[in-house]
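Subject: Structure handover

Hello,

The structure is pasted below. My notes on it follow.

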Amino acid sequence: MFKIIRKILFLFDAEKIHVLSLNMMSLLSASGLLELFIKKRINAPVTVMGIEFPNAVGLAAGLDKNARHIDALSQCGFGFIEVGTVTPLAQPGNEKPRLFRLPKDEAIINRMGFNNDGVEALIENVKRKRENCVLGINIGKNKDTPLENAVDDYLICMQQVYSFADYITINISSPNTPGLRELQHGDGLSALLEQLKIQQSALHKSTQRYVPLAVKIAPDLSIDEIEDIAQRLIAAKIDAVIATNTTNSRPLTLSHKNIAEETGGLSGKPVLGISNTVLKQLSRALNGKMPIIAVGGISSATDALDKIKAGASLVQIYTGFIYSGPKLIHDCALVIKNH
Ligand SMILES: Cc1cc2nc3c(=O)[nH]c(=O)nc-3n(C[C@H](O)[C@H](O)[C@H](O)COP(=O)(O)O)c2cc1C
């Protein structure tokens, strides 16, 4: 049935349908009907970063940027939901069109540019959620904030979301905010992480609650860069790393040659190889000292299991969910449970 619905939805503009589908899902969820269409969440608890996750398959950031659809998405069977990326102030993001489907490749190219309603609006939405799900909140910087002041934006967001998140993701890897990925490198990265850890420690004391920090990295990194990042994350005592975001690269195998020329981050099936290469290199560099949440290109249960076998403790899905629907979550969680 999902295939038929998808065929119809894919006839229309990608971003409009994205918003419409999420609104429809939330309506079904609120009326209690969504559960009738979807299999029960796979129960396969796993503890990572000190948090118990009902299963190892999460929703990746970017689908629910303003945390408006947590209940509906959670009812789809995810073991955890990551909302955001949210920035201190609301911002419109890049000009439309900025979201492109590559159906033959089961891929997406996006240059959304952190369109979101700002951190205060996100918190109001989080307060309204009814589902008791594990919630990650992914934070970033406003486009207009100069890179040298980026840390201020992360600190503002962290301060605001701390009491509402089970974990917080520091997104320094979106390709669509100019300069953001530079934060992944060298002493600048260590300085950023140090500031974040100082604030985490202060918030831990004042709230009596430790909220782990995860750092999300890009797939477009050399092995030397991955090793350097890994050592800096360990030194800063970061709680987890999320690998990977979308890629700037364009595999030659892409069928939609004209769409492939669009600027933006590529996600979905064609990213699996490059994302897994980073995962394996990262796993070797971290040597078990930090859990990895693996994301990028999962379009089957085997893909998810391969990421676990390559060293991931949890996985996340975005584009595969758009192409395959909730069944993919169920299949991935089941195969990981039985592994
Ligand atoms: C339309 C779109 C928007 C995204 N927005 C964000 C975002 O705001 N923050 C973030 O950390 N990742 C974002 N991502 C990246 C995903 O979270 C994920 O890391 C990436 O798409 C690879 O996973 P996938 O192949 O399963 O989609 C976005 C991806 C897509 C397709």
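Is glutamate 106 buried, partly exposed or exposed? Glutamate 106 is partly exposed, with a relative accessible area of 24%; here buried means under 20% relative accessible area, exposed over 50%, and partly exposed in between (1.4 Å probe, protein chains only).

Before the rest, some conventions. This is a predicted model, in which local features need pLDDT of at least 70 and side-chain atom pairs count only at pLDDT 80 or more, while totals for chains, interfaces and linings use all residues. Residues are numbered from 1 along each chain as its sequence is written, and side-chain values use heavy atoms, with hydrogens and water left out. Helices (H or I, at least four residues) and strands (E, at least two) are DSSP runs, numbered from the N terminus.

Salt bridges

The whole structure has 12 salt bridges, a salt bridge being a side-chain nitrogen of Lys or Arg within 4 Å of a carboxyl oxygen of Asp or Glu.

Glutamate 106 is in one of them, with lysine 269, at 3.7 Å from N to O. Glutamate 106 sits in the loop between β5 and β6 (107-110) and lysine 269 in the loop between β11 and α10, so the pair ties together parts that are 163 residues apart in sequence. Lysine 269 is also partly exposed, at 43% relative accessibility.

Arginine 98 and glutamate 15 form another, at 2.7 Å from N to O. This pair links distant parts of the chain, 83 residues apart: arginine 98 is in the loop between β4 (80-86) and β5 (99-102), and glutamate 15 is in helix α2. Both arginine 98 and glutamate 15 are buried.

Arginine 232 pairs with aspartate 187, with the closest N and O atoms 3.2 Å apart. Arginine 232 belongs to helix α8 and aspartate 187 to helix α7 (residues 186-207), so the pair ties together parts that are 45 residues apart in sequence. Arginine 232 counts as buried, at 18% relative accessibility, whereas aspartate 187 is exposed, at 60%. Asp187, Asp228 and Arg232 are linked in a network of salt bridges.

Cores

A nonpolar core is taken as a set of buried Ala, Val, Leu, Ile, Met, Phe, Trp, Tyr and Cys residues joined through side-chain atoms within 4.5 Å. The largest one has 95 residues, of which Ile137, Ile139, Tyr154 and Ile168 touch the most other members. Helix α6 (residues 150-161) supplies the largest share of this core, seven residues. Neighbours within four places in sequence aside, isoleucine 137 is in contact (heavy atoms within 4.5 Å) with residues including Val83, Leu122, Phe164 and Ile168. A second, separate core of eight residues includes Phe100, Leu254, Ala260 and Val271.

Helix α10

Helix α10 (residues 272-286) has 15 residues and reaches 20 Å from its first C-alpha to its last, close to the expected 21 Å, where the expected span is 1.5 Å times one less than the number of residues. Its buried residues include Leu272, Val278, Leu282 and Leu286. The buried residues of α10 pack against elements including β9 (213-217), α8 (223-235) and α11 (301-309).

Surface

Leucine 11, in the loop between α1 (2-9) and α2 (14-30), is exposed, with a relative accessible area of 68%.

Regards
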